[in-house]
Amino acid sequence: YDDWYGTPPDTDACVEALARLAGRGSVLELGAGTGRLAIPLAQRGLSVHALDGSAAMLDQLAAKPGGAAVQRHVGDMGAPLPSGPFGLVFVAVNTFFAIPDATAQQQASHHVAEQLDDGGRFVVEAFVPEAQHDGDRVDVRDLSADRVVLAISRTDSAAQRAIGQFVELRDGQPVRLRPWAIRWSTPEQLDAMASGAGLRLEHRWASWTGDPYGPDSTNHVSVYRKSPGVLHQVGQQRS
């Protein structure tokens with residue numbers, strides 16, 4: 001996993017933003033993988049819980065420097081979550097869209113709200129869907145003298161679904177496949193799910209550095225808060 005995805009360049013900004021949002025509360029990451037975010041958050045002195053469906057991923061997390069400080073849970077982020085209360089629950093890099101349908105995503109929002117402190121926050125990082133990407137697509141993800149990785153996908157905008165494969169071709173080696181599937185939601189649909197769970201939009205940024213969100217944004221970081229009377233501050237930078 002780490003070989004395929006590495007460390008995105010915005011990781012430090014992401015950790016900084018999440019730490020500020022968490023304050024002194026406990027933190028739960030959904031789909032934590034091998035600890036790109038959970039470990040540095042724990043190194044800041046936060047009580048961090050990591051949930052992932054893969055025990056092997058969490059074993060990799062635990063084996064990394066600082067990983068032993070993270071409390072690990074094997075489970076489905078669409079099912080009831082580890083007991084809180086948490087000051088912050090977050091899900092990064094489109095991982096929320098691995099939940100297979102709108103009903104399950106709505107239920108996941110309820111599970112998050114159940115485990116949040118009053119005033120706690122739920123943060124979702126995701127892409128903004130683009131209808132023009134409907135259909136089939138083949139891209140070259142990586143190319144070297146003895147290795148090619150193709151990214152092949154099929155998108156159904158009407159169903160808000162996409163499936164795909166990363167196909168690795170290496171000289172003298174068997175073909176390797178890494179399948180994926182998502183069911184996306186628009187920012188407005190995520191807002192409705194959050195509202196139905198008693199969460200209100202507090203901030204929406206175009207990036208972890210707090211860039212303003214606008215009609216041309218391709219990604220969003222949406223911050224929902226479990227607190228009555230929270231004012232919407234859409235498109236504003238973090239103060």
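Predicted model: local features only at pLDDT ≥ 70, side-chain atom pairs only at ≥ 80, totals over all residues.
Leu51 has its bridge partner in strand 3, and that partner is His73. Between the two strands comes helix 4, residues 55-63, and the three elements together make a right-handed β-α-β unit.

Now the sheet around that unit. It is open, it has 7 strands, and their order is 3-2-1-4-5-11-10, with mixed pairing. Strand 3, at 71-74, is an edge strand, and so is strand 10, at 200-205; each pairs on one side only. From one strand to the next the twist averages 20°.

Next, strand 4. What is its state of burial? Strand 4 is mostly covered, with 6 of its 6 residues buried. Its parallel pairing with strand 1 runs over 3 bridges, and there Leu28 stands opposite Val89 of strand 4. Strand 4 also pairs with strand 5, again in the parallel sense, over 5 bridges. Val89 has Phe122 as its bridge partner in strand 5.

Strand 5, residues 116-127, and strand 11, residues 219-225, are antiparallel and share 7 bridges. As a reminder, strands of a sheet pair through backbone hydrogen bonds, either parallel or antiparallel.

Two helices lie across this sheet. Helix 2, residues 11-22, lies across strands 1, 4, 5, 10 and 11, and runs at about 150° to strand 4. Helix 6, residues 187-196, lies across strands 5, 10 and 11, at about 15° to strand 11.

Back to helix 5, residues 102-115, where we find Ser109. Is Ser109 buried or exposed? The relative accessible area of Ser109 is 3%, so it counts as buried. Beyond its neighbours within four places in sequence, Ser109 is in contact with Phe96, Met193, Ala197 and Leu199.

Phe96 comes up again in the aromatic pairs. How many aromatic pairs does a search of the whole structure find? The count is 3. One of them is Phe96 with Phe122: the ring centres are 6.2 Å apart and the planes are at 65°, so this pair is edge-to-face. Phe96 is in the loop between strand 4 and helix 5, while Phe122 is in strand 5, so the pair ties together parts that are 26 residues apart in sequence. Both Phe96 and Phe122 are buried. Ring pairs also link Phe97, Phe127 and Trp184 into a cluster.

In Arg141 the charged end sits over the ring of Phe166, 4.9 Å from the ring centre. In Arg204 the charged end sits over the ring of Tyr213, at 5.8 Å from the centre.

Arg147 has Arg170 as its bridge partner in strand 8.

Last, some backbone points to check on the model. Most residues other than glycine have a negative phi, and most peptide bonds are trans. Which residues does a cis peptide bond join? They are Gly84 and Pro85, with omega at about 5°. Pro85 is in the loop between strand 3 and strand 4.

Val93 is not a glycine, but its phi is positive, at about 50°. Val93 is in the loop between strand 4 and helix 5, and with a relative accessible area of 45% it is partly exposed.

Gln160 also has a positive phi, near 60°. Gln160 is in the loop between strand 7 and strand 8. At 14% relative accessibility, Gln160 is buried, since the cut-off is under 20%.

Key. Residues numbered from 1 in each chain as written. Heavy atoms only, no water. Pairing = 2+ DSSP bridges. Helix = DSSP H or I, 4+ residues; strand = E, 2+ residues; numbered from the N terminus. Axes fitted to C-alpha atoms, helices over the stretch in contact; angles between N-to-C directions. Contact = heavy atoms within 4.5 Å. Right-handed = clockwise from strand over helix to strand, strands pointing away. Buried < 20%, exposed > 50% of the residue type's maximum accessible area, 1.4 Å probe, protein only. Phe/Tyr/Trp six-rings, centres within 6.5 Å; stacked < 30°, edge-to-face > 60°. Lys NZ or Arg CZ within 6 Å of the ring centre and 35° of its normal.
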